Amino acid sequence: MWLCGALLLATGTVRCADAPATDTRAVPALIRPSPLPPHWQHGVFMEIFVRAWRDSDGDGIGDLRGLTQSLDYLQDLGIRGIWLMPITGNADGDHGYASTHFRDVAAEYGTLADFDELLAQAHRRGIGVVMDYVINHAAATHPMFQSALRGPGQPFHDWFVWSDTAPPGWEIWGQYPWYHAASEPWLFRGLLKELPAAPAGARGFYFGTFGPHMPDFNFANPAVVAYHCDSLRFWLNRGLDGYRLDAVPHLVETDAVEWNDQPQSRALTKKLQDLIKLYPQRYVVCEATAKPQDYGDPAVCGGAFAFGQVHHYVQAALGKAESVQKVAAYYRSASPTMATFVSNHDIFAGRRLWDQVGGDARRYKLAAAGYLLQPGTPFVYYGEEVGQAGVASLKGDLPLRAPMSWTPDPRTGGFTTGTPFREVAPNVATHNALLQQQDPDSIFHFYKAMIGLRQSLPSIARGSYAGAFAQGLVAGWQRRLDAEHTVTLINYGTETETVTVRDLPSRARLRSAWPQRAAVLRADRRGRLRITLPAQQLRVLVVQRAPTAR
Ligand SMILES: [Ca+2]
Ligand SMILES: [Ca+2]
(Lines give C-alpha, C1' and ligand atoms only; values in the text may rest on other atoms or scores of the structure.)
(Ligands and ions follow the chains in the order given, each with its own letter.)
Protein backbone atom coordinates (compact mmCIF):
# COMPACT_ATOMS: atom_id res chain seq x y z
CA MET A 1 0.00 0.00 0.00
CA TRP A 2 1.23 3.44 -0.87
CA LEU A 3 1.41 5.50 2.30
CA CYS A 4 2.03 8.96 0.97
CA GLY A 5 0.56 10.72 4.00
CA ALA A 6 2.43 8.56 6.49
CA LEU A 7 5.74 9.25 4.79
CA LEU A 8 4.97 12.94 4.88
CA LEU A 9 4.47 12.76 8.63
CA ALA A 10 7.47 10.56 9.33
CA THR A 11 10.06 12.39 7.29
CA GLY A 12 8.66 15.85 6.72
CA THR A 13 9.45 15.39 3.06
CA VAL A 14 7.28 14.78 0.07
CA ARG A 15 7.56 11.32 -1.45
CA CYS A 16 4.49 11.32 -3.60
CA ALA A 17 5.12 14.38 -5.75
CA ASP A 18 6.29 12.56 -8.83
CA ALA A 19 3.56 9.96 -9.02
CA PRO A 20 2.11 9.76 -12.54
CA ALA A 21 -1.47 10.80 -13.19
CA THR A 22 -2.42 7.14 -13.58
CA ASP A 23 -1.19 6.24 -10.10
CA THR A 24 -4.20 4.90 -8.19
CA ARG A 25 -2.53 3.74 -5.00
CA ALA A 26 -4.62 4.03 -1.83
CA VAL A 27 -4.18 6.98 0.51
CA PRO A 28 -5.27 6.13 4.05
CA ALA A 29 -6.54 8.96 6.24
CA LEU A 30 -3.94 10.71 8.35
CA ILE A 31 -5.96 12.75 10.80
CA ARG A 32 -4.36 15.53 12.81
CA PRO A 33 -5.90 18.46 14.73
CA SER A 34 -6.78 21.56 12.73
CA PRO A 35 -4.56 24.59 13.38
CA LEU A 36 -7.47 26.96 12.70
CA PRO A 37 -9.62 28.74 15.29
CA PRO A 38 -13.19 27.51 15.90
CA HIS A 39 -15.85 28.92 13.57
CA TRP A 40 -13.27 29.96 10.99
CA GLN A 41 -15.63 28.82 8.26
CA HIS A 42 -18.15 31.53 9.20
CA GLY A 43 -15.58 34.19 8.41
CA VAL A 44 -15.26 35.79 4.99
CA PHE A 45 -13.64 33.77 2.22
CA MET A 46 -11.99 34.92 -0.95
CA GLU A 47 -12.23 33.00 -4.20
CA ILE A 48 -8.81 33.17 -5.80
CA PHE A 49 -7.90 32.31 -9.38
CA VAL A 50 -4.23 31.52 -8.79
CA ARG A 51 -3.30 32.11 -12.43
CA ALA A 52 -4.47 35.72 -12.08
CA TRP A 53 -3.63 36.57 -8.48
CA ARG A 54 0.12 37.21 -8.19
CA ASP A 55 3.14 36.08 -10.21
CA SER A 56 6.29 35.45 -8.17
CA ASP A 57 8.77 34.62 -10.94
CA GLY A 58 8.03 36.96 -13.83
CA ASP A 59 6.64 34.39 -16.29
CA GLY A 60 3.35 36.30 -16.42
CA ILE A 61 1.35 33.53 -14.73
CA GLY A 62 0.22 33.68 -11.13
CA ASP A 63 1.53 30.95 -8.87
CA LEU A 64 1.41 29.51 -5.35
CA ARG A 65 4.49 31.40 -4.20
CA GLY A 66 2.89 34.64 -5.33
CA LEU A 67 -0.18 33.75 -3.30
CA THR A 68 1.92 32.96 -0.23
CA GLN A 69 3.61 36.36 -0.59
CA SER A 70 0.21 38.07 -0.54
CA LEU A 71 -1.13 36.45 2.64
CA ASP A 72 -0.43 39.54 4.76
CA TYR A 73 -2.72 41.50 2.43
CA LEU A 74 -5.50 38.94 2.90
CA GLN A 75 -4.98 38.87 6.65
CA ASP A 76 -5.14 42.67 6.81
CA LEU A 77 -8.43 42.60 4.92
CA GLY A 78 -9.79 40.10 7.45
CA ILE A 79 -10.07 37.10 5.15
CA ARG A 80 -10.47 33.84 7.10
CA GLY A 81 -10.56 31.36 4.24
CA ILE A 82 -9.45 31.14 0.65
CA TRP A 83 -10.95 29.00 -2.11
CA LEU A 84 -8.42 28.14 -4.75
CA MET A 85 -9.82 27.45 -8.19
CA PRO A 86 -8.22 24.22 -9.48
CA ILE A 87 -4.47 24.18 -8.93
CA THR A 88 -3.88 20.65 -10.20
CA GLY A 89 -2.46 19.79 -13.60
CA ASN A 90 -4.86 20.85 -16.32
CA ALA A 91 -5.31 20.79 -20.06
CA ASP A 92 -7.13 24.08 -20.50
CA GLY A 93 -4.36 26.47 -19.54
CA ASP A 94 -6.90 28.77 -17.95
CA HIS A 95 -9.52 27.90 -15.32
CA GLY A 96 -8.07 24.47 -14.57
CA TYR A 97 -11.31 22.48 -14.59
CA ALA A 98 -10.00 20.11 -17.31
CA SER A 99 -7.82 18.06 -14.95
CA THR A 100 -4.84 16.04 -16.14
CA HIS A 101 -3.72 15.12 -12.63
CA PHE A 102 -5.65 14.81 -9.37
CA ARG A 103 -2.69 14.56 -7.00
CA ASP A 104 -0.17 17.12 -8.13
CA VAL A 105 0.13 20.86 -8.58
CA ALA A 106 0.11 22.28 -12.12
CA ALA A 107 3.71 22.97 -13.12
CA GLU A 108 2.99 26.64 -13.88
CA TYR A 109 1.63 27.11 -10.35
CA GLY A 110 4.56 25.47 -8.54
CA THR A 111 5.18 22.28 -6.61
CA LEU A 112 3.70 20.30 -3.77
CA ALA A 113 6.38 21.84 -1.56
CA ASP A 114 5.05 25.30 -2.53
CA PHE A 115 1.57 24.08 -1.66
CA ASP A 116 2.73 22.85 1.76
CA GLU A 117 4.41 26.21 2.39
CA LEU A 118 1.22 28.05 1.40
CA LEU A 119 -0.76 25.97 3.90
CA ALA A 120 1.77 26.56 6.67
CA GLN A 121 1.88 30.31 6.10
CA ALA A 122 -1.90 30.62 5.76
CA HIS A 123 -2.48 28.67 8.96
CA ARG A 124 0.02 30.89 10.77
CA ARG A 125 -2.30 33.79 9.92
CA GLY A 126 -5.49 32.00 10.91
CA ILE A 127 -6.51 31.56 7.27
CA GLY A 128 -7.93 28.26 6.05
CA VAL A 129 -7.35 26.97 2.51
CA VAL A 130 -9.94 25.03 0.56
CA MET A 131 -9.57 24.08 -3.06
CA ASP A 132 -11.64 23.04 -5.97
CA TYR A 133 -11.97 19.34 -6.55
CA VAL A 134 -13.28 18.48 -10.00
CA ILE A 135 -14.68 15.01 -9.55
CA ASN A 136 -17.18 14.63 -12.38
CA HIS A 137 -14.73 14.47 -15.25
CA ALA A 138 -11.13 14.46 -16.40
CA ALA A 139 -9.58 16.27 -19.33
CA ALA A 140 -9.74 14.27 -22.54
CA THR A 141 -5.93 14.40 -22.50
CA HIS A 142 -5.73 12.83 -19.04
CA PRO A 143 -3.63 9.65 -19.40
CA MET A 144 -6.48 7.65 -17.89
CA PHE A 145 -8.87 8.68 -20.65
CA GLN A 146 -6.24 8.32 -23.33
CA SER A 147 -5.84 4.73 -22.16
CA ALA A 148 -9.60 4.24 -22.03
CA LEU A 149 -9.95 5.49 -25.59
CA ARG A 150 -7.93 2.58 -26.91
CA GLY A 151 -10.96 0.38 -26.41
CA PRO A 152 -12.69 -2.15 -24.13
CA GLY A 153 -10.30 -4.12 -21.97
CA GLN A 154 -7.73 -1.35 -21.88
CA PRO A 155 -6.74 0.07 -18.49
CA PHE A 156 -9.24 2.67 -17.25
CA HIS A 157 -11.75 1.93 -20.03
CA ASP A 158 -14.49 1.18 -17.51
CA TRP A 159 -13.58 4.30 -15.52
CA PHE A 160 -15.53 6.33 -18.07
CA VAL A 161 -19.08 6.09 -19.43
CA TRP A 162 -19.48 4.25 -22.75
CA SER A 163 -22.13 3.13 -25.16
CA ASP A 164 -21.64 1.01 -28.29
CA THR A 165 -24.24 3.01 -30.16
CA ALA A 166 -25.41 6.62 -29.87
CA PRO A 167 -28.07 6.61 -27.11
CA PRO A 168 -31.25 8.39 -28.21
CA GLY A 169 -33.06 11.27 -26.54
CA TRP A 170 -30.18 12.94 -24.69
CA GLU A 171 -29.72 16.68 -24.54
CA ILE A 172 -27.78 18.68 -21.93
CA TRP A 173 -27.90 22.46 -22.20
CA GLY A 174 -28.76 22.20 -25.87
CA GLN A 175 -26.00 19.71 -26.72
CA TYR A 176 -25.95 16.01 -27.36
CA PRO A 177 -23.58 14.70 -24.62
CA TRP A 178 -22.34 11.49 -26.26
CA TYR A 179 -19.20 11.73 -28.38
CA HIS A 180 -17.90 9.31 -30.96
CA ALA A 181 -14.57 8.06 -29.62
CA ALA A 182 -13.04 7.63 -33.06
CA SER A 183 -13.88 11.14 -34.19
CA GLU A 184 -11.07 13.37 -35.24
CA PRO A 185 -9.79 15.63 -32.49
CA TRP A 186 -11.38 18.63 -34.17
CA LEU A 187 -13.96 18.15 -31.46
CA PHE A 188 -11.50 19.63 -29.00
CA ARG A 189 -10.30 22.58 -31.01
CA GLY A 190 -10.46 25.72 -28.93
CA LEU A 191 -11.42 23.77 -25.80
CA LEU A 192 -7.99 22.50 -24.78
CA LYS A 193 -4.59 24.06 -25.26
CA GLU A 194 -3.26 20.90 -26.93
CA LEU A 195 -5.26 18.50 -29.07
CA PRO A 196 -5.21 14.88 -27.90
CA ALA A 197 -3.71 12.25 -30.16
CA ALA A 198 -6.12 10.44 -32.47
CA PRO A 199 -6.87 7.17 -30.69
CA ALA A 200 -6.08 3.82 -32.31
CA GLY A 201 -8.75 1.20 -31.70
CA ALA A 202 -11.27 3.67 -30.36
CA ARG A 203 -14.89 2.80 -30.88
CA GLY A 204 -18.27 3.55 -29.40
CA PHE A 205 -19.48 6.69 -27.72
CA TYR A 206 -18.36 8.28 -24.47
CA PHE A 207 -20.32 10.65 -22.26
CA GLY A 208 -19.31 14.23 -21.49
CA THR A 209 -21.70 16.47 -19.56
CA PHE A 210 -19.60 19.55 -20.22
CA GLY A 211 -18.39 18.67 -23.71
CA PRO A 212 -16.07 16.30 -25.59
CA HIS A 213 -12.97 17.71 -23.90
CA MET A 214 -14.14 16.63 -20.43
CA PRO A 215 -15.25 12.95 -20.37
CA ASP A 216 -17.36 12.01 -17.33
CA PHE A 217 -16.12 9.43 -14.87
CA ASN A 218 -18.18 6.27 -14.33
CA PHE A 219 -19.22 6.32 -10.67
CA ALA A 220 -20.95 2.98 -11.01
CA ASN A 221 -17.41 1.58 -10.93
CA PRO A 222 -16.33 1.31 -7.26
CA ALA A 223 -12.70 1.76 -8.29
CA VAL A 224 -13.50 5.26 -9.55
CA VAL A 225 -15.17 6.26 -6.30
CA ALA A 226 -12.28 4.81 -4.32
CA TYR A 227 -9.76 6.66 -6.47
CA HIS A 228 -11.39 10.03 -5.88
CA CYS A 229 -11.77 9.35 -2.15
CA ASP A 230 -8.05 8.61 -2.01
CA SER A 231 -7.31 11.77 -3.98
CA LEU A 232 -9.41 13.85 -1.58
CA ARG A 233 -7.46 12.35 1.32
CA PHE A 234 -4.19 13.05 -0.48
CA TRP A 235 -4.71 16.79 0.04
CA LEU A 236 -6.47 16.55 3.41
CA ASN A 237 -3.51 14.58 4.77
CA ARG A 238 -1.27 17.51 3.82
CA GLY A 239 -3.46 19.83 5.91
CA LEU A 240 -5.94 21.19 3.36
CA ASP A 241 -8.93 22.69 5.19
CA GLY A 242 -11.69 21.54 2.89
CA TYR A 243 -13.10 21.54 -0.59
CA ARG A 244 -15.30 23.31 -3.04
CA LEU A 245 -16.81 20.34 -4.86
CA ASP A 246 -17.42 21.14 -8.50
CA ALA A 247 -20.66 20.33 -10.33
CA VAL A 248 -21.84 17.61 -7.92
CA PRO A 249 -25.43 17.34 -9.28
CA HIS A 250 -23.82 16.01 -12.45
CA LEU A 251 -21.89 13.10 -10.94
CA VAL A 252 -24.27 10.31 -11.99
CA GLU A 253 -26.45 10.35 -15.11
CA THR A 254 -28.60 7.30 -15.76
CA ASP A 255 -31.53 8.84 -17.58
CA ALA A 256 -31.78 10.83 -20.81
CA VAL A 257 -34.48 13.09 -19.37
CA GLU A 258 -33.88 13.16 -15.62
CA TRP A 259 -30.11 13.34 -15.93
CA ASN A 260 -29.69 16.33 -13.62
CA ASP A 261 -29.42 15.98 -9.84
CA GLN A 262 -30.22 12.28 -9.59
CA PRO A 263 -30.45 10.62 -6.13
CA GLN A 264 -27.18 8.78 -6.76
CA SER A 265 -25.39 12.12 -7.14
CA ARG A 266 -26.72 13.35 -3.81
CA ALA A 267 -25.77 10.10 -2.09
CA LEU A 268 -22.25 10.27 -3.46
CA THR A 269 -21.95 13.92 -2.42
CA LYS A 270 -22.91 12.96 1.13
CA LYS A 271 -20.26 10.25 1.10
CA LEU A 272 -17.65 12.81 0.06
CA GLN A 273 -18.79 15.24 2.74
CA ASP A 274 -18.49 12.52 5.39
CA LEU A 275 -15.02 11.60 4.20
CA ILE A 276 -13.86 15.23 4.40
CA LYS A 277 -15.48 15.93 7.76
CA LEU A 278 -13.84 12.91 9.31
CA TYR A 279 -10.99 15.40 9.53
CA PRO A 280 -11.56 18.05 12.24
CA GLN A 281 -12.78 21.57 11.35
CA ARG A 282 -12.97 20.92 7.62
CA TYR A 283 -15.34 22.92 5.39
CA VAL A 284 -17.23 21.74 2.33
CA VAL A 285 -19.16 23.85 -0.16
CA CYS A 286 -20.80 22.54 -3.30
CA GLU A 287 -21.59 24.01 -6.66
CA ALA A 288 -25.21 22.99 -7.27
CA THR A 289 -26.90 25.58 -9.41
CA ALA A 290 -30.42 24.16 -9.78
CA LYS A 291 -31.37 23.41 -6.16
CA PRO A 292 -28.65 24.93 -4.02
CA GLN A 293 -30.57 24.83 -0.75
CA ASP A 294 -30.98 21.08 -1.05
CA TYR A 295 -27.21 20.73 -1.28
CA GLY A 296 -26.64 23.13 1.61
CA ASP A 297 -28.50 20.62 3.78
CA PRO A 298 -26.19 18.63 6.09
CA ALA A 299 -27.79 15.47 4.68
CA VAL A 300 -26.24 16.19 1.26
CA CYS A 301 -23.24 18.51 0.99
CA GLY A 302 -23.55 20.60 4.15
CA GLY A 303 -22.72 23.79 2.25
CA ALA A 304 -23.67 25.24 -1.12
CA PHE A 305 -23.44 28.45 -3.06
CA ALA A 306 -26.69 30.43 -2.97
CA PHE A 307 -27.27 30.52 -6.73
CA GLY A 308 -30.59 32.17 -7.50
CA GLN A 309 -30.45 34.31 -4.38
CA VAL A 310 -27.15 36.03 -4.94
CA HIS A 311 -28.18 38.42 -7.71
CA HIS A 312 -30.76 39.93 -5.35
CA TYR A 313 -27.92 41.51 -3.34
CA VAL A 314 -26.97 43.45 -6.46
CA GLN A 315 -30.50 44.13 -7.68
CA ALA A 316 -31.43 45.49 -4.24
CA ALA A 317 -28.51 47.89 -4.48
CA LEU A 318 -29.83 48.94 -7.88
CA GLY A 319 -33.14 49.88 -6.23
CA LYS A 320 -35.35 46.92 -7.09
CA ALA A 321 -37.91 46.56 -4.29
CA GLU A 322 -38.65 42.90 -5.00
CA SER A 323 -34.98 42.08 -4.49
CA VAL A 324 -34.88 44.05 -1.23
CA GLN A 325 -37.63 41.71 -0.04
CA LYS A 326 -35.66 38.67 -1.22
CA VAL A 327 -32.57 39.84 0.65
CA ALA A 328 -34.56 40.23 3.87
CA ALA A 329 -36.44 36.94 3.46
CA TYR A 330 -33.75 34.50 2.37
CA TYR A 331 -32.28 33.46 5.70
CA ARG A 332 -35.71 33.11 7.30
CA SER A 333 -35.66 29.65 5.75
CA ALA A 334 -32.22 29.11 4.22
CA SER A 335 -29.61 27.20 6.17
CA PRO A 336 -26.69 29.23 7.55
CA THR A 337 -24.50 26.75 5.69
CA MET A 338 -25.25 28.58 2.44
CA ALA A 339 -22.45 30.50 0.78
CA THR A 340 -23.17 33.93 -0.67
CA PHE A 341 -21.35 36.06 -3.22
CA VAL A 342 -22.06 38.71 -5.84
CA SER A 343 -19.92 37.36 -8.66
CA ASN A 344 -17.53 34.51 -9.34
CA HIS A 345 -15.40 33.13 -12.20
CA ASP A 346 -18.40 32.10 -14.32
CA ILE A 347 -20.28 34.65 -16.41
CA PHE A 348 -23.58 32.81 -15.87
CA ALA A 349 -23.37 33.97 -12.23
CA GLY A 350 -23.02 37.58 -13.33
CA ARG A 351 -20.42 40.10 -14.43
CA ARG A 352 -17.93 41.61 -12.01
CA LEU A 353 -19.72 43.68 -9.39
CA TRP A 354 -18.18 46.88 -10.75
CA ASP A 355 -19.88 46.24 -14.09
CA GLN A 356 -23.16 45.12 -12.55
CA VAL A 357 -23.53 48.45 -10.72
CA GLY A 358 -22.12 50.56 -13.55
CA GLY A 359 -19.17 51.69 -11.48
CA ASP A 360 -21.37 53.37 -8.85
CA ALA A 361 -19.32 53.10 -5.64
CA ARG A 362 -22.29 53.67 -3.31
CA ARG A 363 -24.36 50.92 -4.91
CA TYR A 364 -21.25 48.73 -4.92
CA LYS A 365 -20.88 49.10 -1.17
CA LEU A 366 -24.58 48.44 -0.53
CA ALA A 367 -24.45 45.22 -2.57
CA ALA A 368 -21.41 44.13 -0.58
CA ALA A 369 -22.91 45.03 2.80
CA GLY A 370 -25.98 42.89 2.13
CA TYR A 371 -24.09 39.66 1.78
CA LEU A 372 -21.18 40.41 4.10
CA LEU A 373 -23.56 41.12 7.01
CA GLN A 374 -25.92 38.18 6.53
CA PRO A 375 -25.66 34.59 7.80
CA GLY A 376 -23.77 31.95 5.87
CA THR A 377 -20.27 32.10 4.48
CA PRO A 378 -19.61 35.09 2.19
CA PHE A 379 -17.20 34.62 -0.71
CA VAL A 380 -15.50 37.73 -2.09
CA TYR A 381 -14.25 37.21 -5.65
CA TYR A 382 -10.62 38.30 -5.96
CA GLY A 383 -10.31 41.94 -7.02
CA GLU A 384 -13.86 42.66 -5.90
CA GLU A 385 -12.45 44.21 -2.72
CA VAL A 386 -10.70 46.91 -4.78
CA GLY A 387 -13.49 47.52 -7.30
CA GLN A 388 -11.79 45.73 -10.17
CA ALA A 389 -13.76 45.91 -13.43
CA GLY A 390 -14.12 43.19 -16.06
CA VAL A 391 -12.22 43.32 -19.33
CA ALA A 392 -15.07 44.03 -21.72
CA SER A 393 -13.06 43.28 -24.86
CA LEU A 394 -12.69 39.60 -23.92
CA LYS A 395 -15.22 36.88 -24.64
CA GLY A 396 -17.18 34.44 -22.50
CA ASP A 397 -15.93 34.07 -18.95
CA LEU A 398 -12.58 35.72 -19.63
CA PRO A 399 -13.62 39.29 -18.70
CA LEU A 400 -14.00 37.97 -15.15
CA ARG A 401 -10.54 36.43 -14.97
CA ALA A 402 -8.05 39.23 -15.54
CA PRO A 403 -4.91 39.68 -13.45
CA MET A 404 -5.45 41.15 -9.99
CA SER A 405 -5.07 44.93 -9.89
CA TRP A 406 -2.31 45.52 -7.34
CA THR A 407 -0.92 48.87 -8.55
CA PRO A 408 -1.84 51.54 -11.14
CA ASP A 409 0.71 50.16 -13.64
CA PRO A 410 -1.30 50.20 -16.91
CA ARG A 411 0.57 47.24 -18.41
CA THR A 412 0.92 44.83 -15.50
CA GLY A 413 -1.28 46.12 -12.68
CA GLY A 414 1.64 45.15 -10.44
CA PHE A 415 0.65 41.52 -10.99
CA THR A 416 3.94 40.49 -12.59
CA THR A 417 7.38 41.84 -13.44
CA GLY A 418 6.95 40.22 -16.85
CA THR A 419 4.13 40.27 -19.37
CA PRO A 420 0.77 39.28 -17.89
CA PHE A 421 -0.92 36.25 -19.45
CA ARG A 422 -4.01 38.41 -20.02
CA GLU A 423 -4.67 42.12 -20.24
CA VAL A 424 -5.33 43.92 -16.99
CA ALA A 425 -8.59 45.51 -15.85
CA PRO A 426 -9.64 48.73 -17.61
CA ASN A 427 -9.92 50.63 -14.31
CA VAL A 428 -6.54 49.54 -12.96
CA ALA A 429 -5.34 53.15 -12.79
CA THR A 430 -7.86 54.04 -10.09
CA HIS A 431 -9.01 50.75 -8.61
CA ASN A 432 -6.03 48.79 -7.39
CA ALA A 433 -4.90 47.53 -4.00
CA LEU A 434 -2.20 50.18 -3.57
CA LEU A 435 -4.38 53.25 -4.05
CA GLN A 436 -7.45 51.72 -2.42
CA GLN A 437 -5.48 50.99 0.74
CA GLN A 438 -4.40 54.66 0.90
CA ASP A 439 -7.95 56.06 0.60
CA PRO A 440 -10.05 55.74 3.79
CA ASP A 441 -13.29 56.10 1.78
CA SER A 442 -12.36 53.39 -0.69
CA ILE A 443 -14.17 50.20 -1.55
CA PHE A 444 -11.28 48.31 0.05
CA HIS A 445 -11.72 50.03 3.40
CA PHE A 446 -15.46 49.51 3.26
CA TYR A 447 -14.94 45.77 2.73
CA LYS A 448 -12.43 45.73 5.54
CA ALA A 449 -14.90 47.49 7.84
CA MET A 450 -17.76 45.13 7.01
CA ILE A 451 -15.53 42.10 7.48
CA GLY A 452 -14.35 43.66 10.74
CA LEU A 453 -17.96 43.95 11.96
CA ARG A 454 -18.44 40.28 11.19
CA GLN A 455 -15.38 39.47 13.30
CA SER A 456 -15.99 41.80 16.22
CA LEU A 457 -19.70 40.95 16.50
CA PRO A 458 -20.03 37.13 16.40
CA SER A 459 -23.82 37.37 16.12
CA ILE A 460 -23.32 38.79 12.61
CA ALA A 461 -21.19 35.83 11.58
CA ARG A 462 -23.20 33.02 13.12
CA GLY A 463 -26.14 34.27 15.15
CA SER A 464 -29.83 33.52 14.71
CA TYR A 465 -31.80 35.45 12.10
CA ALA A 466 -35.09 37.07 13.14
CA GLY A 467 -37.23 40.15 12.78
CA ALA A 468 -36.45 40.42 9.07
CA PHE A 469 -38.52 42.99 7.21
CA ALA A 470 -38.54 44.95 3.98
CA GLN A 471 -40.24 48.32 3.72
CA GLY A 472 -39.91 49.82 0.29
CA LEU A 473 -36.18 49.91 -0.35
CA VAL A 474 -35.19 49.35 3.28
CA ALA A 475 -34.29 45.90 4.57
CA GLY A 476 -33.59 45.03 8.19
CA TRP A 477 -32.98 42.04 10.40
CA GLN A 478 -31.85 41.10 13.91
CA ARG A 479 -29.23 38.61 14.98
CA ARG A 480 -28.61 37.00 18.35
CA LEU A 481 -25.77 34.89 19.66
CA ASP A 482 -25.53 34.20 23.38
CA ALA A 483 -25.99 37.62 25.03
CA GLU A 484 -25.16 39.58 21.89
CA HIS A 485 -28.03 41.14 19.92
CA THR A 486 -27.50 43.22 16.79
CA VAL A 487 -29.74 45.02 14.33
CA THR A 488 -28.78 45.65 10.71
CA LEU A 489 -30.66 48.16 8.55
CA ILE A 490 -29.91 48.97 4.92
CA ASN A 491 -31.58 51.76 3.00
CA TYR A 492 -30.92 50.80 -0.62
CA GLY A 493 -32.94 53.74 -1.92
CA THR A 494 -31.90 57.23 -2.96
CA GLU A 495 -34.39 58.88 -0.57
CA THR A 496 -34.31 59.26 3.20
CA GLU A 497 -36.58 56.67 4.83
CA THR A 498 -38.01 56.24 8.31
CA VAL A 499 -38.72 52.73 9.58
CA THR A 500 -39.74 51.09 12.84
CA VAL A 501 -37.71 48.24 14.30
CA ARG A 502 -39.86 46.04 16.55
CA ASP A 503 -39.43 43.36 19.20
CA LEU A 504 -36.50 44.97 20.96
CA PRO A 505 -36.16 44.86 24.75
CA SER A 506 -38.24 47.57 26.38
CA ARG A 507 -36.35 50.89 26.47
CA ALA A 508 -33.20 49.20 25.14
CA ARG A 509 -30.18 51.36 24.37
CA LEU A 510 -28.72 50.80 20.90
CA ARG A 511 -25.06 51.59 20.36
CA SER A 512 -24.02 52.30 16.79
CA ALA A 513 -21.39 49.89 15.46
CA TRP A 514 -21.79 51.41 11.98
CA PRO A 515 -21.36 54.28 11.39
CA GLN A 516 -18.96 54.22 14.29
CA ARG A 517 -19.51 57.72 15.67
CA ALA A 518 -23.31 57.93 15.56
CA ALA A 519 -25.30 58.69 18.71
CA VAL A 520 -26.75 56.05 21.01
CA LEU A 521 -30.44 55.37 20.30
CA ARG A 522 -33.23 54.29 22.61
CA ALA A 523 -36.18 51.95 22.02
CA ASP A 524 -39.51 52.90 23.54
CA ARG A 525 -41.27 51.13 26.40
CA ARG A 526 -42.87 48.66 23.97
CA GLY A 527 -39.54 47.78 22.41
CA ARG A 528 -39.92 49.81 19.22
CA LEU A 529 -37.28 51.98 17.63
CA ARG A 530 -38.27 54.60 15.10
CA ILE A 531 -35.22 55.44 13.03
CA THR A 532 -34.51 57.66 10.02
CA LEU A 533 -32.02 56.32 7.50
CA PRO A 534 -30.32 58.66 5.04
CA ALA A 535 -30.32 57.61 1.39
CA GLN A 536 -28.06 54.64 0.55
CA GLN A 537 -26.90 54.19 4.11
CA LEU A 538 -26.59 51.24 6.40
CA ARG A 539 -26.70 51.00 10.17
CA VAL A 540 -25.48 48.26 12.46
CA LEU A 541 -26.74 48.66 16.01
CA VAL A 542 -25.80 46.72 19.12
CA VAL A 543 -28.69 46.28 21.52
CA GLN A 544 -27.67 46.98 25.09
CA ARG A 545 -29.58 46.31 28.26
CA ALA A 546 -32.22 48.79 29.25
CA PRO A 547 -31.19 51.08 32.09
CA THR A 548 -32.16 49.73 35.49
CA ALA A 549 -35.52 51.10 36.66
CA ARG A 550 -35.25 53.46 39.63
CA1 LIG B 1 4.65 32.56 -12.28
CA1 LIG C 1 -21.38 12.78 -14.58
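A residue is called buried here when its relative accessible area is under 20%, exposed when that area is over 50%, and partly exposed in between, as found with a 1.4 Å probe on protein chains only. By this rule Thr209 counts as buried, because its relative accessibility is 4%. The model is a predicted one, in which local features need pLDDT of at least 70 and side-chain atom pairs count only at pLDDT 80 or more, whereas totals for chains, interfaces and linings use all residues. Residues are numbered from 1 along each chain as its sequence is written, chains are lettered from A and ligands numbered from 1 in the order in which they are written, and side-chain values use heavy atoms, with hydrogens and water left out.

Thr209 is placed in the loop between β6 (205-207) and α7 (222-237); helices (H or I, at least four residues) and strands (E, at least two) are DSSP runs, numbered from the N terminus. The side chain of Thr209 makes a polar contact of 2.7 Å with that of Asp216 and another, of 3.2 Å, with that of Glu253. A polar contact is a pair of N or O atoms within 3.5 Å; within protein, one must be able to donate a hydrogen and the other to accept it, and residues adjacent in sequence count only if both atoms are side-chain atoms. Apart from neighbours within four places in sequence, the residues in contact with Thr209 are Asn136, Ile172, Trp173, Asp216, His250 and Glu253, contact meaning heavy atoms within 4.5 Å.

Trp173 belongs to the loop between β4 (162-163) and β5 (178-180). Although Trp173 is not a glycine, its phi is positive, at about 50°. Trp173 counts as exposed because its relative accessible area is 52%. A positive phi near 50° also occurs at Asp482, a residue other than glycine. Asp482 lies in the loop between β13 (474-481) and β14 (484-491), and its relative accessible area of 77% makes it exposed.

Asp255 is situated in the loop between β7 (242-245) and α8 (263-277). With a relative accessibility of 31%, Asp255 counts as partly exposed. A polar atom of the Asp255 side chain lies 2.7 Å from the backbone nitrogen of Val257. Beyond neighbours within four places in sequence, Asp255 is in contact with Trp170 and Gln262.

Rolling a probe the size of a water molecule over the atoms shows where empty space is left. On a 1 Å grid over the protein atoms alone, a cavity is a set of points where a 1.4 Å probe fits but cannot get out, and a pocket is an open set with protein on both sides within 12 Å along at least five of seven lines; lining residues have an atom within 4 Å of a point. Grid points are joined across faces, edges and corners, and a volume is the space filled by probe spheres set on the points. The largest pocket holds about 920 Å³ of space. Its lining consists of 36 residues, with His95, Phe210, Met214, Asp346 and Asp397 nearest the centre. These lining residues comprise 14 nonpolar, 12 polar and 10 charged, where Ala, Val, Leu, Ile, Met, Phe, Trp, Tyr, Cys and Pro count as nonpolar, Asp, Glu, Lys and Arg as charged, and the others, Gly among them, as polar.

The second largest pocket has about 360 Å³ of space. Of its 15 lining residues, Lys365, Phe446, Trp514, Gln537 and Leu538 lie nearest the centre. Two or more lining residues come from each of α13 (361-372), α15 (443-456) and β19 (537-544), and α13 supplies the largest share, four residues. Trp514 is also joined to Pro515 by a cis peptide bond, with omega about -5°.

Helix α10 (residues 310-317) is mostly covered, with six of its eight residues buried. The cover over these buried residues includes α11 (321-333), β10 (338-340), α12 (353-356) and α13. Gly319, which follows α10, has a positive phi near 90°.
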